[in-house]
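Visitor: Could you take me on a close look at the surface of this model, with its patches and its salt bridges? I would like the cut-offs spelled out along the way.

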Amino acid sequence: MSLGTIARKVMGLPEPSGQSGAAGKPAAGVPQQGEAAPRPVNPWESAGAELRQQTANGKAPAAARPAPTTAASGTPWTPQDERSGAVFVRRLGRGLVWFVLILAAVTGVRAWFIPPKVEAPKAPTVKAEATYPDEEAQLVAARFARAYLGWDEAKKDERAQLLASVLPANSDTTMGWDGNGRQDVLAVQPGAVTESSNDQARVRVDVLIRPVAEAEPAKKGKKATAPAEEPARWIGLDVPVVETSGRVVVTGRPGLVGIPKSGPNAPELPTTKTDPELSTQTESAVDKFFAAYAEGDTDAVTAPGASVPALPAGVEYGGLVSWSADAGSGDSRTGTALVSWSLGGAKVEQVYRVTITRVSSSDAHRWQVDDVRGGSA
């Protein structure tokens, strides 16, 4: 393919209808010098003459033929209209070339082959909401309640020192006490912590107290009598606290609150069906277990692999009041035992949930205790 042909392809020009020969040879269709140029033929006259001849001979006119065209005088090729599709493709190609050149100038050719390193986005840090130190608040409130409600007019300084450890510096350690009387604190049970604004909170503390009456003075011929003890009773105490400088301290005087005399009504619990036959078969095994439970040796009466710690010394076995195995199936069953104990000079009955397992040997099988839990649940 010649260079001229390639140029015509790129420029979209048609191929020439004829090419010039060697020097001295006239081009085809071009009149020689001295010869008269032939008269151009009118295509419409030729077509009209042919139509008249066909009509005179009685023949139907043939299908319309396209009018012949002739090349323009002096043009060595036949002009042809360029297709619209070719024009669109050529223009699109030029547009893409220009787009690539502009993009390369803007972004840089190096970025196409070596893309810049993009740092991974950092995970957003979620700030955890600070929670109030409930455990520390309960501990501080319990210490305060024990010192606050336990007083003795003969030991004023001792109470003041105990209170100072949970109060802000330079606080009044009397906390409203007039310095008289005596009262013992037997137990302290911290409860709910109710938060408020400015890192403040209120801690509910239940305290078991026992007031001590004054001793009667000695009379002539008689010795002084010991102070009488009043019955112990629970009392509630609301203690205000605040968190500051990484610690919780009591901010001021507390307030005494009442405690309900009884709890709410318990819901109706489903009744467990029993297995009378299994209860009779396993009653002696359960009785032997509780006897060994109080004596301190349970290895001989428990199932292989079971570990049930014995009761401490001072507890005496009073007997198995009742035993009922739950209805069910399998080699592991559960039942309820009511047991009588002798403790502190009194007898007390308690309830246990006992798990028993069937242990088989070559000639027989027996039931042994595998686990025991206090309570009916």
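Guide: Happy to. Let's begin with the nonpolar patch on the surface, formed by Phe-88, Val-89, Leu-92 and Leu-96, which together have about 420 Å² of accessible area. Leu-96 has its place in helix α3, residues 84-107. A word on the source: this is a predicted model, in which local features need pLDDT of at least 70 and side-chain atom pairs count only at pLDDT 80 or more, while totals for chains, interfaces and linings use all residues. Residues are numbered from 1 along each chain as its sequence is written, and side-chain values use heavy atoms, with hydrogens and water left out.

Now the terms. Patches are made of residues with over 30% relative accessible area and no salt bridge, joining like charges within 9 Å and nonpolar side chains (Val, Leu, Ile, Met, Phe, Trp, Tyr) within 5 Å. Accessible areas come from the Shrake-Rupley method with a 1.4 Å probe, and for residues only the protein chains shown count as cover. Helices (H or I, at least four residues) and strands (E, at least two) are DSSP runs, numbered from the N terminus.

There is a negative patch too, made up of Asp-134, Glu-135, Glu-136, Glu-195, Asp-199 and Glu-243. Asp and Glu count as negative, Lys and Arg as positive, and His and the chain ends are not counted; a charge is placed at NZ of Lys, CZ of Arg, CG of Asp or CD of Glu. Helix α5 (residues 134-149) supplies the largest share of this patch, three residues. Glu-135 lies in helix α5 and counts as exposed because its relative accessibility is 69% (buried is under 20%, exposed over 50%, partly exposed in between, with a 1.4 Å probe and protein chains only).

Next come the salt bridges, seven in the whole structure, each a side-chain nitrogen of Lys or Arg within 4 Å of a carboxyl oxygen of Asp or Glu. In one of them, Arg-202 meets Asp-238 at 3.9 Å, N to O. Arg-202 lies in strand β3 (residues 200-211) and Asp-238 in strand β4 (residues 233-244), so the pair ties together parts 36 residues apart in sequence. Arg-202 is partly exposed, at 41%.

Another pairs Asp-331 with Arg-358, 2.7 Å from N to O. This pair links distant parts of the chain, 27 residues apart: Asp-331 is in the loop between β7 (316-325) and β8 (332-343), and Arg-358 is in strand β9, residues 346-360. Asp-331 is partly exposed at 44%, as is Arg-358 at 32%.
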